[in-house]
Amino acid sequence: MAAAARKIGLIVNPIAGMGGSTALKGTDGAAILARARALGAEPLAPARARRALARLAADAGGFPILAAPGTMGADVAKAAGFDVQAIEGAAAAETSAEDTRRVARALRERGVWLILFAGGDGTARDILDAVGSDFPILGIPAGVKMQSAVFAVSPEAAGQLAALLAVDRDGKIAFRQAEVMDIDEEGLRAGRLSARLYGYARVPFERRLMQNPKAGGSAEDATLDALCREIAEEMAPGLLYVIGPGTTTQRVLHHLGVEGSLLGVDAVLDGKLIGRDLTGAELARLVEGRPARIVLGIIGGQGYSFGRGNQQIGAQVIRAVGRENIILLASQQKILVLGENRLLADTGDPAVDELLRGYIRVRLAPGVSTMMRIDT
């Protein structure tokens, strides 16, 4: 087919996302990576890259992939059945930011038409440093935060968009400059969200396939505060409440008179905090065999319910709690900014994503709610 003459570049950050389920807010630095592994974290990026490549192959057929060596790309691409040409050099036992930058520069020099990468905001920053703002890149979401606008909404969406580009000989796919955000992981672990604009990268754009950058919310919204008070007052005795991260859900804890973790996941039972900044494994043990509910805010500008910054609430927890026991909160302004009647979920488990798909109630104010569709 016509796409066979094109080459795609692939980079996989094999450690991306390992700090999510373990409540470490990222994996920047050898010490944090070692701690994530000690807590039982498993590599997520290779599996998410395989999902993207499976969709790419299904939609566009086979064509050459030029990949980073070993676990940084070549292994995954070969397993997906692609004709793989690996960048020269052995794969490092422990990959680094410099490895990512080196491979990205080599891919550009070798004439690929797009760098498809699996990672998070840190990987996006490294690739932008290496190839500049004029070279097309596309992110397979595999990190913890992913506040940058260079990521597709899911691995499958990344594969679908790459496939559209592969067969796009008429220039119908638009490109835009998308924000790459710089997040202070140490600040996150200390409960401070410090994000700044790092730069802009050139990305292919299809509105339903690409995520928006995260938008800030209103810090003093009296209506939202009243809603959070209502949620706190409704909490039933004997029910475990899993409270997601963010300023919205912190208001619920405030009205209970307990101090949780702003950017972590907490647990409340009978009005008392029984777990603070919990890991995915700790949450799974807490909800096993007991009635529970999940209280979550929605990420402003993006519309994510699950899969961005709250990976501790993983597939096992969602299955145990049940879709009917999910309470979503948002200000009316946050919903209006989304511009369409849909939310997003990207849990890493396609079966659970499918479980979440469909219409769900979102509470906006005391006694006021709307129905929105969760897409995956």
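Student: Where is Gly61 found?

Tutor: Gly61 sits in the loop between H2 and strand E2 (65–67). Keep in mind that we're looking at a predicted model.

Student: Okay, and is Gly61 buried, exposed or partly exposed?

Tutor: Gly61 has 24% relative accessibility, so it counts as partly exposed. The cut-off for buried is under 20%, and exposed means over 50%.

Student: How many Å separate the C-alpha atoms of Gly61 and Ala166?

Tutor: They are 9.5 Å apart, although the two residues are 105 residues apart along the chain.

Student: Which residues in H2 and H6 meet?

Tutor: On the H2 side you have Arg48, Arg51, Ala52, Arg55, Leu56, Asp59 and Ala60. From H6 come Pro155, Glu156, Ala158, Gly159, Gln160, Ala162, Ala163 and Ala166.

Student: And what classes of residue does the contact of H2 with H6 have?

Tutor: Eight are nonpolar, two are polar and five are charged.

Student: New topic: H4 and H5. At roughly what angle do their axes cross?

Tutor: The axes of H4 (residues 97–109) and H5 (residues 121–131) cross at roughly 45° and come within 8 Å. That angle makes H4 oblique to H5.

Student: Is the crossing of H4 and H5 left-handed or right-handed?

Tutor: H4 and H5 cross in a right-handed way.

Student: Which residues make the contact there?

Tutor: H4 brings Ala97, Thr100, Arg101, Ala104, Arg105 and Arg108. H5 supplies Thr123, Asp126, Ile127, Asp129, Ala130 and Val131. By class, this contact of H4 with H5 has five nonpolar, two polar and five charged residues.

Student: Let's zoom out. How many helices and strands are in the protein chain?

Tutor: The chain has 13 helices and 16 strands.

Student: What percentage of the residues count as buried?

Tutor: Of the 376 residues in the chain, 57% do.

Student: Last one: among contacts between residues at least 6 apart in sequence, what share join residues at least 24 apart?

Tutor: For the protein chain, that share is 69%.

Methods: Residues are numbered from 1 along each chain as its sequence is written. This is a predicted model: local features need pLDDT of at least 70, side-chain atom pairs count only at pLDDT 80 or more; totals for chains, interfaces and linings use all residues. Side-chain values use heavy atoms; hydrogens and water are left out. Axes are lines fitted to C-alpha atoms, for helices over the stretch in contact, and angles run from 0 to 180 degrees between N-to-C directions. Helices (H or I, at least four residues) and strands (E, at least two) are DSSP runs, numbered from the N terminus. Angles under 35 degrees count as roughly parallel, over 145 as roughly antiparallel, 65 to 115 as roughly perpendicular and the rest as oblique. A crossing is left-handed if the near helix is turned anticlockwise from the far one by less than a right angle, and right-handed if clockwise. Contact means heavy atoms within 4.5 Å. Ala, Val, Leu, Ile, Met, Phe, Trp, Tyr, Cys and Pro count as nonpolar, Asp, Glu, Lys and Arg as charged, and the others, Gly among them, as polar. Buried means under 20% relative accessible area, exposed over 50%, partly exposed in between (1.4 Å probe, protein chains only).
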